[in-house]
Amino acid sequence: MAMSSGRVCWKWGSPLRRPRPAAGWRGFSRLHSTAALAPQICVVGSGPAGFYTAQHLLKHHKLAQVDIYEKLPVPFGLVRFGVAPDHPEVKNVINTFTQTAHSNRCAYYGNVTVGKDVLVKELKQAYHAVVLSYGAEDNRVLGIPGENLSGVYSARAFVGWYNGLPENRDLKPDLNSETAVVLGQGNVALDVARVLLSPLDMLRKTDITEGSLAAIAGSKLKRVWLVGRRGPLQVAFTIKELREMINLPGTRPLLDPADFTGLGDVVKDVPRPRRRLTELMVKSALEKPGEKEAARWASATKEWGLKFQRSPLEVLPAADGKRARGIRMAITSLEGSGESARAVPTGEVEEFECGLILSSIGYRSRPIDSSVPFDSKLGIISNSVGRVQGATGLYCSGWVKRGPTGVIVTTMNDSFDTAQSVLEDLQSGLLNLSDSKEGFECVRSILHSRGVQPVTFSDWEKIDAAEVARGRLVGKPREKIVDFQEMLQLIGH
Amino acid sequence: RPHSPSNSKRPANCLSLSEESPIPCPHAGCMRGTGVAMAQLAVTFCNFFDSSVDRVTVHFINKDGEKLTATAKEGESLLEVVVNQNLDIDGFGACEGTLACSTCHLIFEKDAFRKLDPITDEELDMLDLAYGLTDTSRLGCQVCVKKAMDGLTVRVPTEVADIRRELEVGKQSK
C-alpha cells in the first residue's frame, strides 16, 4: 500500500506503536480515577447492524464516541436498498437510526470505502474498537452454463435496480418475456415476484425508482414461478410475505394440489412458524377459495406459482446465442426430512420456457482485508459473540457475523450482543483506554491525504430533503437519486 | 425514542388519547382535543380532576428481571405505554407499531392472555418470527389497555441469543 507511515496519526508518533504494556490494568484504573476516558469506537457499515450496534454502545456507555463509516454517500444499507419499496413500515427503523446519528457522540462518514480509502489496520490504530458491520455485498452464484446470458440476473442486482442502488442503475433488465423464473424460495424471491406483478397503481405510491417503474410498466410479464430445489416444507420465505403474495390484487396463485396433499398432517407437530406457514400454503392450494377470493382469482390477469424439487442445470440460449430462452432443470427427490432434507437429482430433466431468470439463492459477504480472518465456507468473519478471532479490538455484527439470513429483529439482537461484547471488554480492561486514540481526527488526515471527502449526516439530510421534495411532485414518499455524482453535487462536493 | 407512529396499524377498538381527539374535554380550561402536542398534557390534567378517565397500572418485567411500572391510559396500546412513558426496554417497537417486526413482543400470564381481544392472522404472522415465542405471546402494539387490566404484569422475553451468549461466556470463564 502506498501509505507513508509518518502521515497516520502523526500527532501520536509512529502508527505502528503497540499498546504499552505498562498501561495495563493498573494504568487503566489510575487514569480512570482521575479523568474519565472516552472510548473511541467505529462501526464499518451503516445498515441496521451498524446502527443497532452504535445505538446500544451509545446507550450503555455514557462516554463512548461512535463513528459510523459507509461506502456509499447515503446511509441505512439494506433498509434503503434492500427492503422492498412497498414495505414502508419496515423502513420506520430509519427514525430510530436518525436519532442515533443525531447523538452528539455519534458521527456519520459516508463515501468512505474501508479497505480502500482507509484500511482496517489504520482504523485499529485510530480507535479502541472497530466493529465490522458491512453486510453481504455479494451474492451466491448458480455456477451453471448460460448464467451470463442476457435475461439472467441476480435477484440482488434486480432489487438494487428497483431500489436505486447506484451500482445497479444501468441494469436495464429485459422484461419482454411473459414468463419469469425466480430461482429460490426466500423472502427476496417473493419480493421480486411481488414487485414484478404488483398493480402499477400500488407501485406508483412507493419509493420505487422512476426508471424501474417505467420499465415494469412496459413489461410483458404475466407469470412468475418461484423454483426451489427442495419441497414445500423447506421453503425459506416467511408467512407474512407469503400471505401478502396470496392476497396481491390482480394475481392468482398457481399451486399444484399434488405438492400439498397430506402436508397438513405432517406439520401438526412441527414448531408453530413452520406449521402455520405450511398450513397457509395447503389452504391456498387445496381448499375452495371464498367468494371474494374466487372472484379475484377469476379476474386476475397475472399469476405466480411455486415449483418444487427442481435444481437448475443450464440456462438455454435463444437462437441469437445471447439471450436466455429457458432453463433446464434436474428433478430431485428428497433425502431425509425437515429443515435438513437434501435434494438429490433423480436423473430426470425438465426444460422450461422463460425469458427472464432471477437467481435468488442468497447473499454473500466478502472478506474486507487479509488481516481479518474470514471463513470462506460459511461466508462470515470468524468470530465468537462478535469478537473477531485472534484480533483484540476488532468486532463484527449483522450478516457478516452470522450469515445473510433473518429479519430486522435478528440483526437487532445480534448487534446488541456484539455491542455488549465491546462493553464487556471495555469494562474488563481488555480494551485499553489509557492508550489514547484520536478517532476521526486521525482518519480525517488519512482521508484528506488520499483525496477522499466524507459525506456527513447533515449532508445526507440535504439529499434526503431533495429526494422527498422530488417525490412529493409525483405523489411518492421520495424519488431516490440514483446517480452518485448527482448526490455529491447536491451537497457541494 | 421513535416519534409517535404515523402509520401505525393499531386495532380498530383502540381509542388512543395520544392521538388528537375530536371531542373536547368537558372540564373548563382543559385543552384535550386541541392538538396532538397538548393532548398528553391535557390527559394528565383530565385524569387529575376526572376519576371517570381511567388510569391503569401495568407492570413490565424487563429482560434483566427488573420490574418497570407504568400508569397507562385506557385505550392506549402497550407499545404506546412503553413509548409515552419512556420505559427503558432495549429495541422495543422498531417498526413503530406497523406490524412489520416483532420487537414489541410481550408474554402474558395465562389468565390475562385469555381475556385479551382475539388475535389476527397478521399479528400471529409477525409473532412467528419473535424470539422466545410462547403460547401466551402477543405484540404490544396490538394490545389495548382496558380498565380491567389494572395490575397486569407482562414479561419482555429474554432473547434466545442471550441464553446462547450466557453459555458462551460461561464456557470462556472455565
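## Annotated binding site

UniProt, in an unreviewed entry, places a "binding site" feature at A:Ala49, A:Glu70, A:Leu78, A:Val114, A:Trp399, A:Gly406, A:Val407 and A:Ile408. These positions spread over 360 residues of sequence. They are spread in space too, with up to 25.5 Å between C-alpha atoms. The model described here is a predicted one.

## Two of the annotated residues

Take A:Leu78. This residue lies in helix 3 of chain A, which covers residues 77–81. Is A:Leu78 buried, partly exposed or exposed? Its relative accessibility is 29%, so A:Leu78 counts as partly exposed. Leaving aside neighbours within four places in sequence, A:Leu78 is in contact with A:Val83, A:Tyr363 and A:Trp399. A:Trp399 is itself among the positions in the UniProt feature.

Now take A:Ile408. Helix 16 of chain A, residues 408–428, holds this residue. A:Ile408 is buried, because its relative accessible area is 15% and the cut-off for buried is under 20%. Which residues does A:Ile408 touch, apart from neighbours within four places in sequence? They are A:Pro48, A:Tyr52, A:Val79, A:Val93 and B:Cys101.

## Chain B

Chain B has 174 residues, and 51% of them count as buried. It contains five helices and five strands. Read from the N terminus, the order of elements is α-β-β-α-β-α-α-β-β-α.

Consider the contacts in chain B with a separation of 6 or more. Of these, 61% join residues 24 or more positions apart. Chain B exposes about 8,900 Å². Carbon and sulfur atoms supply 55% of that area.

## Where the chains meet

Chain A brings 32 residues to the contact, and chain B brings 35 residues. The area buried between the two chains is about 2,800 Å². Carbon and sulfur atoms give 48% of it.

How many salt bridges are there between chain A and chain B? The count is seven. In one salt bridge, the side chain of B:Asp90 meets that of A:Lys59, at 2.4 Å from N to O. Ten residue pairs are in polar contact between chain A and chain B, counting pairs with both residues at pLDDT 80 or more.

Several helices of chain A supply at least two residues each to the side that touches chain B. They are helix 2 (48–60), helix 4 (93–102), helix 10 (239–246), helix 13 (272–286) and helix 16. The largest share of that side comes from helix 16, with ten residues. Helix 16 is also the place of A:Ile408.

Definitions and conventions
Residues are numbered from 1 along each chain as its sequence is written. Chains are lettered from A and ligands numbered from 1 in the order in which they are written. This is a predicted model: local features need pLDDT of at least 70, side-chain atom pairs count only at pLDDT 80 or more; totals for chains, interfaces and linings use all residues. Side-chain values use heavy atoms; hydrogens and water are left out. UniProt positions are given in the numbering used here, feature names are shortened, and annotations may be inferred rather than shown by experiment. Helices (H or I, at least four residues) and strands (E, at least two) are DSSP runs, numbered from the N terminus. Buried means under 20% relative accessible area, exposed over 50%, partly exposed in between (1.4 Å probe, protein chains only). Contact means heavy atoms within 4.5 Å. Accessible areas come from the Shrake-Rupley method with a 1.4 Å probe; for residues, only the protein chains shown count as cover. Buried area is the accessible area (1.4 Å probe) that two parts lose on being put together, summed over both. A salt bridge is a side-chain nitrogen of Lys or Arg within 4 Å of a carboxyl oxygen of Asp or Glu. A polar contact is a pair of N or O atoms within 3.5 Å; within protein, one must be able to donate a hydrogen and the other to accept it, and residues adjacent in sequence count only if both atoms are side-chain atoms.
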